[in-house]
Amino acid sequence: MDRRSFLSLAVVCSTTLALGSNEEFIPSSVSMKKITPTVSNLLDKLNAVQNHVGYVKFNIISFDEMLKIAAECNKPLTPYEIGYIETIFYGDPRRYGFFGERTVPRLTAVTPEKDLIYIKKTGHFLLKGAATEKYATIKSLIGNDVILTSGVRAPVKQLHLFLKKMASEGGNLRLASTSIAPPGFTFHSVGDFDIGKVGYGYGNFSEKFQETDVFKKLYNGGYITIRYTNGNPFGVRYEPWHIKVTGGNETA
Ligand SMILES: [Zn+2]
């Protein structure tokens, strides 16, 4: 069976399975008590792929590359698991309270490496153009006190983060999507990035980041725009560290 036939079969399966398996994918605010075997198995397989390709490369591998590597690692994804991923990717996240817009139309989208720049010592990439220019401005203003904490995240990377968050929130999609956009809906896939103050640790991912000199200088000087402002209409928590680079609805 060629890849296209396999995928269309997977879509058919997923449609059938999704209709009868809402215990796997909670559509509203109902919370699951524990994660399902599907989520657990997918995390195991994605972890294996990440270990195989390394943390840096895992940020940008495509869905097709992931399937290939998982198979090579003796952890092939089942049609059901592929269908489950498609249900998350192509489903409407508004049903669990996430109102951000779609940023990536296809799960199999590929980000060409020629469009990316690796930012030394960070483990992350930025898209050439507006993102790298914005980051260069930030570095020129702040110097060594600022670091890129997350850059380009292709759908597979975002899926991995989302599933991990789902697991840590007991399967509750509403809670998961408050802090991690579902795959297909993150602006990290199209240019946005996160910054932090060197040595500030977890504070870089909390509201405390807005109290840093790094944030104050950049924000008060009008050098950065925050994607998810306080009280934004997208169902996402306030993220003062997440720099808006391109596109999307204005939030303020
Ligand atoms: Zn971010």
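From the N terminus on, the elements of the chain follow the order α-α-α-α-α-β-β-α-β-α-α-β-α-β, which comes to nine helices and five strands in its secondary structure. The model described here is a predicted one. Of the 252 residues of the chain, 37% count as buried, and among the contacts with a separation of 6 or more, 75% are accounted for by residues 24 or more positions apart.

- In soluble globular proteins, nonpolar side chains tend to be buried together.
- In this chain the largest nonpolar core has 55 residues, and those with the most contacts inside it are M66, L126, F162, F193 and I195; the largest share of this core, six residues, comes from α7.
- Leaving aside its neighbours within four places in sequence, F193 is in contact with L126, A131, Y135, L148, S150, G151, H188, I243 and V245.

- Most residues other than glycine have a negative phi, whereas the phi of N74 is a positive value in a residue other than glycine.
- N74 is exposed, because 8 other C-beta atoms lie within 10 Å and a residue counts as exposed at 12 or fewer.

- The hairpin of β1 and β2 has four residues between the strands, and in it K121 takes a positive phi near 65°, although K121 is not a glycine.
- K121 is found in the loop between β1 (116-119) and β2 (124-127), and this residue is exposed, with 8 other C-beta atoms within 10 Å.

**The sheet of β3, β4 and β5**

- Strands of a sheet pair through backbone hydrogen bonds, either parallel or antiparallel.
- Three strands form an open sheet here, in the order β3-β4-β5, and the pairing is antiparallel.
- β3 (146-150) and β5 (242-243) stand at the edges, each with a single partner strand, so one side of each is left without a neighbour in the sheet.
- Four bridges join β3 to the antiparallel strand β4 (residues 193-197), where the bridge partner of V146 is K197.
- Helix α6 packs on the sheet and touches β3, β4 and β5, and the direction of α6 makes about 145° with that of β3.

**The pair of helices α6 and α9**

- Two packed helices are described by the angle between their axes and the distance between the axes.
- The axes of helix α6 (residues 130-142) and helix α9 (residues 213-220) come within 11 Å and cross at roughly 120°.
- α6 and α9 are therefore oblique to each other, and their crossing is right-handed.
- Where the two helices meet, I138, L141 and I142 in α6 face V214, K217 and L218 in α9 across their contacts.

- T178 has its place in helix α8 (residues 173-179) and is partly exposed, with 17 other C-beta atoms within 10 Å.
- Leaving aside its neighbours within four places in sequence, T178 is in contact with G235, V236 and R237.
- T178 and Y238 are 60 residues apart in sequence, and from C-alpha to C-alpha they are 9.3 Å apart in space.

How values were computed
Residues numbered from 1 in each chain as written. Predicted model: local features only at pLDDT ≥ 70, side-chain atom pairs only at ≥ 80, totals over all residues. Buried ≥ 20, exposed ≤ 12 C-beta atoms within 10 Å, placed from the backbone. Pairing = 2+ DSSP bridges. Contact = placed C-beta atoms within 7 Å. Core = buried A, V, L, I, M, F, W, Y, C linked by C-beta atoms within 7 Å. Axes fitted to C-alpha atoms, helices over the stretch in contact; angles between N-to-C directions. Parallel < 35°, antiparallel > 145°, perpendicular 65-115°, else oblique. Left-handed = near helix turned anticlockwise from the far one by under 90°.
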